[in-house]
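Please find below a colleague's note on the structure shown.

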Amino acid sequence: MASKAYLPAATVTADWRDFLALTKPRVLTLVVFTGLCGLLAAPQSINPVLGFTAVLCIALGAGAAGALNQWYEADLDALMRRTADRPLPAGRMDRQTALHFGVGLGAFSVILMGLAVNVLAAAILAVSILFYVVVYTVWLKRRTSQNIVIGGAAGAFPALIGWAAATGHVGALPLMLFALVFLWTPPHFWALALYINSDYSRAGVPMLPAVAGNRVTRIQIMLYTVPMLVAAIAPWPLGLTGKIYGVGTMLLSIIFGLLALRVGLSREDDQARMKPERQLFGFSILYLFGVFGLVVLDKVI
Amino acid sequence: MVDYTPEQLAEIRRKQKSRSIVMALILGAFVALFYAISIAKML
């Protein structure tokens with residue numbers, strides 16, 4: 001259960017920027033992009049206004065999940081350098097306001113999606129918000145080093161929602177993209193966890209490097225990279241995408257594989273000297289943008 | 001009742017004002033969006 005013990009009392013009214021910060025805008029960019037790509041890659045087109053509404057609902061739903069995550073984890077955020085300046089641990093907002101904002105925004109996004117777009121997209125959006133808040137944040141994050149493995153599914157939903165918004169059903173390609181993001185999450189987060197391990201350890205979050213050590217984490221990064229690369233390339237031989245996607249994804253995957261291999265074979269324990277880990281983390285974001293961009297490019301050309 | 005200093009009170013008023021302006025803009029944008037959605041659903 002989240003504790004209030006570390007939290008300073010909010011003394012002044014929160015600024016609108018604090019509400020924006022509560023939605024984790026940087027995470028939103030990737031969520032919106034994958035959702036938009038899922039929508040654009042679908043075989044049926046959607047009215048631009050309804051398409052915009054669908055993407056807006058995905059963004060609002062993800063923002064709500066981020067706000068509820070920060071509401072629950074305010075005590076953890078206060079202990080980590082990376083998150084200590086967020087509105088709740090910094091004392092710029094009280095917890096109840098964050099809770100009301102998150103619940104209200106989440107409910108609004110699902111209702112709007114259901115009324116304006118379709119019920120399936122709204123249902124998947126609701127599941128994704130609940131999965132991120134209940135399964136990942138409340139249940140897994142503080143209990144197991146496998147937190148981000150299962151929790152990774154939360155970030156994999158937007159492409160599925162985008163596709164469902166355009167077509168009213170779920171197809172093989174969005175399921176492959178779901179698998180890709182799901183398998184991409186462990187190497188992405190564990191690369192980060194390797195070089196900010198002390199921050200997580202201080203907060204008592206059982207990230208893999210803190211629980212099992214750097215060596216095991218490096219091996220796990222390599223092990224998850226293999227099925228991730230298979231999931232990324234598979235749509236091409238399966239006939240779900242064309243040559244542009246296939247060749248582009250192959251090139252990006254070779255780079256990802258080499259960076260992951262370098263991290264896997266490294267014996268470095270000094271966080272200040274973990275350059276390959278930083279490179280893998282940075283490239284993993286570019287990789288996901290690239291692969292999803294190629295899905296759309298392949299369909300358009 | 002909390003006793004605020006004049007500086008704190010001014011800060012609260014400033015933040016309330018900026019929040020109100022942003023909220024008005026968001027509500028205005030949603031009015032336009034709901035109108036557009038209504039038209040799109042009729043097509």
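How many salt bridges does the rule find across the interface of chain B and chain A?

1. The model is predicted. In this model, zero salt bridges are found by the rule across the interface of chain B and chain A. On the side of chain B that touches chain A, the residues comprise 10 nonpolar, two polar and three charged.

2. Polar contacts are present between the two chains. Three residue pairs, both members at pLDDT 80 or more, are in polar contact between chain B and chain A.

3. The extent of the interface may be stated in two ways. By residues, 15 of chain B are in contact with 19 of chain A. By area, about 1,500 Å² is buried between chain B and chain A, and carbon and sulfur atoms give 70% of that area. The size of an interface is often expressed as the accessible area lost when the parts come together.

4. The second largest pocket has a volume of about 960 Å³. Its lining consists of 24 residues. Those nearest the centre of this pocket are Leu60(A), Phe101(A) and Leu105(A), together with Ile26(B) and Phe30(B).

5. Which helices each supply at least two residues of the lining of the second largest pocket? In chain A they are helix H1 (16-22), helix H3 (48-72) and helix H5 (95-116), and in chain B helix H1 (6-42). The largest share, eight residues, comes from H1(B).

6. The lining of the second largest pocket may also be described by class: 18 residues are nonpolar, five are polar and one is charged.

Methods. Residues numbered from 1 in each chain as written. Chains lettered and ligands numbered in written order. Predicted model: local features only at pLDDT ≥ 70, side-chain atom pairs only at ≥ 80, totals over all residues. Heavy atoms only, no water. 1 Å grid on protein atoms, 1.4 Å probe; cavity = no way out; pocket = protein on both sides within 12 Å on 5 of 7 lines; lining within 4 Å. Points joined across faces, edges and corners; volume = space filled by probe spheres on them. Helix = DSSP H or I, 4+ residues; strand = E, 2+ residues; numbered from the N terminus. Nonpolar A, V, L, I, M, F, W, Y, C, P; charged D, E, K, R; others polar. Contact = heavy atoms within 4.5 Å. Buried area = accessible area lost by both parts, 1.4 Å probe. Salt bridge = Lys/Arg side-chain N within 4 Å of Asp/Glu carboxyl O. Polar contact = N/O pair within 3.5 Å; in protein donor to acceptor, adjacent residues only side chain to side chain.
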